[in-house]
Amino acid sequence: MSNDAATTKTHFNPNEIEEVTESLADDQGARAGAVWVNPFTHQVLQSESEYEHSKLRHYFTDRDEAISAWGGFANDPKVISKVGVILRKVEAHFGSKIQEYFFLDTKTYLAVVLHNSNHAGVAWIHRGQINTREEIKGSFLSESMGKTFYVTTLPAVSKPRVVLKETEAPAHKTCLQCGSPVPPSRGCEWCPEEV
């Protein structure tokens, strides 16, 4: 089973997030760029072939750059602003600043890593919510596949405005006997069959 968060379809049916494991990463400081890692220990690998379950993570130190590269919010300022508010709550709750962000090639989530979490995610940003293992202000309890975590919902991403073109109503003819509208392919339903 992978140590990485899976996509979450809705906040009522979330899939699991990272397993709770002890990070054995021995590198210090923030990671940047594409890095192969062992998803269970968070250790950096030299190549994909070094470990059969290796994952290529794309790391960023800047929140806006990470969100833009991840692409989950179509650069919607309303949603990105709400993410910033929630991430400040995450920092306050855990008593540590955010060090880095990462996502996998699938781009199903954007993980948030704190200075004191040793490269392990503490929050997972999905398109409609942010998941954490611990309750933060404004989150609610959720369970999935026997795991308990907390969900903070995000506003929906604004979609481009759709302009509907008005189409003409289907043609109707009028019954000569009673004046009722009659579909072009059928006779009048209101008049008796024999006139």
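## Confidence in the model

The chain has a mean pLDDT of 79, and 70% of its residues reach 70 or more, pLDDT being the predictor's confidence in each residue on a scale from 0 to 100. This is a predicted model, in which local features need pLDDT of at least 70 and side-chain atom pairs count only at pLDDT 80 or more, while totals for chains, interfaces and linings use all residues. Residues are numbered from 1 along each chain as its sequence is written, and side-chain values use heavy atoms, with hydrogens and water left out.

Over residues 1-16 pLDDT stays under 50, and for this stretch the model has 54 contacts beyond four places in sequence, where contact means heavy atoms within 4.5 Å. Where pLDDT is low, the predicted coordinates should not be read in detail.

The structure holds three aromatic pairs; rings of Phe, Tyr and Trp (its six-membered ring) pair if their centres lie within 6.5 Å, and planes under 30 degrees apart count as stacked, over 60 as edge-to-face and the rest as tilted. One of these pairs is formed by Y59 and F102, which is tilted, with 5.3 Å centre to centre and 50 degrees between the planes. This pair links distant parts of the chain, since Y59 belongs to strand β2 (residues 55-60) and F102 to strand β3, 43 residues apart; helices (H or I, at least four residues) and strands (E, at least two) are DSSP runs, numbered from the N terminus. Y59 is buried, with a relative accessible area of 2%, and F102 also counts as buried, at 0% relative accessibility; here buried means under 20% relative accessible area, exposed over 50%, and partly exposed in between (1.4 Å probe, protein chains only).

The rings of F60 and F103 have their centres 5.7 Å apart and their planes at 20 degrees, so this pair is stacked. It too links distant parts of the chain, with F60 in strand β2 and F103 in strand β3, 43 residues apart, and both F60 and F103 are buried.

## Two nonpolar cores

Which residues of the largest nonpolar core touch the most other members? Among its 23 residues they are F73, V83, L110 and I125, a nonpolar core being a set of buried Ala, Val, Leu, Ile, Met, Phe, Trp, Tyr and Cys residues joined through side-chain atoms within 4.5 Å. At least two residues of this core come from each of α1 (63-70), α2, β3, β4 (110-114) and β5 (121-125), and α2 gives the largest share, six residues.

Leaving aside neighbours within four places in sequence, I125 is in contact with several residues, including W70, F73, V83, L87 and I130. A second, separate core of nine residues includes V37, Y59, V113 and W124.

Strand β8 (residues 147-153) runs antiparallel to strand β6 (residues 129-132), and four bridges join them, two strands being paired if DSSP finds at least two bridges between them. I130 stands opposite T152 in β8.

Strand β7 (residues 140-144) is also antiparallel to β8, joined by five bridges, and L141 has Y150 in β8 as its bridge partner. β7 and β8 form a hairpin with two residues between them, and M145 in the turn has a positive phi of about 50 degrees.

## An exposed loop residue

K97 lies in the loop between α2 (77-94) and β3 (98-104) and is exposed, with a relative accessible area of 55%. Not counting residues up to four places away in sequence, K97 touches E91, L114 and H115. K97 and N116 are 19 residues apart in sequence and 8.2 Å apart in space, C-alpha to C-alpha.
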